[in-house]
Amino acid sequence: MSDRITLSGLRVRGHHGVFDFERRDGQDFVVDVVLELDLAQAAASDDVADTVHYGELAGRLAGIIAGEPVNLIETLAERLAAVCLADARVAAATVTVHKPQAPISHEFADVAVTVRRAR
């Protein structure tokens, strides 16, 4: 599948992590999503109903990120991928969860987990 919808840099505050202070204080998570699907029908019809509405998708993803805490960003990425695949038109989803404020005692730019799930 060569058609893609990309949503980059979705920043949402969440309370994920293995440490009590992460759960208590929360931190920002940044999510990138790439959906693989056939966009020919949407291009032909010029109707948003024939594609994945990325604004609505962003809202669903934000709800998961801000919602029930998990220990690992691997788990969070898996849940986000499931949301993406809930739309039957999506053949595959690649989700990257960035945790730029991770509790690492060394200077770092980013830590991230990427999962790709397909039907």
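**Exercise 1.** Determine which elements the buried residues of α4 pack against.

*Solution.* The buried residues of α4 (73–85), where buried means under 20% relative accessible area with a 1.4 Å probe and protein chains only, include Ile 73, Leu 76, Leu 80 and Val 83. These buried residues of α4 pack against β2, α3, β3 (90–98) and β4 (112–118), contact meaning heavy atoms within 4.5 Å. Helices (H or I, at least four residues) and strands (E, at least two) are DSSP runs, numbered from the N terminus.

The model is predicted, with local features needing pLDDT of at least 70 and side-chain atom pairs pLDDT 80 or more, while totals for chains, interfaces and linings use all residues. Residues are numbered from 1 along each chain as its sequence is written, and side-chain values use heavy atoms, without hydrogens and water.

**Exercise 2.** Find which residues of α3 are buried, and explain why they line one face of the helix.

*Solution.* In α3 (residues 54–66), the buried residues are Leu 57, Ala 58, Leu 61 and Ile 65. Seen down the axis of α3, they fall within an arc of 100° (taken from the directions from the helix axis to the C-beta atoms), so they line one face of the helix. Their cover includes β1, β2 (27–37) and α4.

**Exercise 3.** Locate Thr 114 and list what it touches.

*Solution.* Thr 114 belongs to strand β4. Leaving out residues up to four places away in sequence, Thr 114 touches Thr 94, Val 95 and Thr 96.

How values were computed. Expected span 1.5 Å × (residues − 1). Buried < 20%, exposed > 50% of the residue type's maximum accessible area, 1.4 Å probe, protein only.
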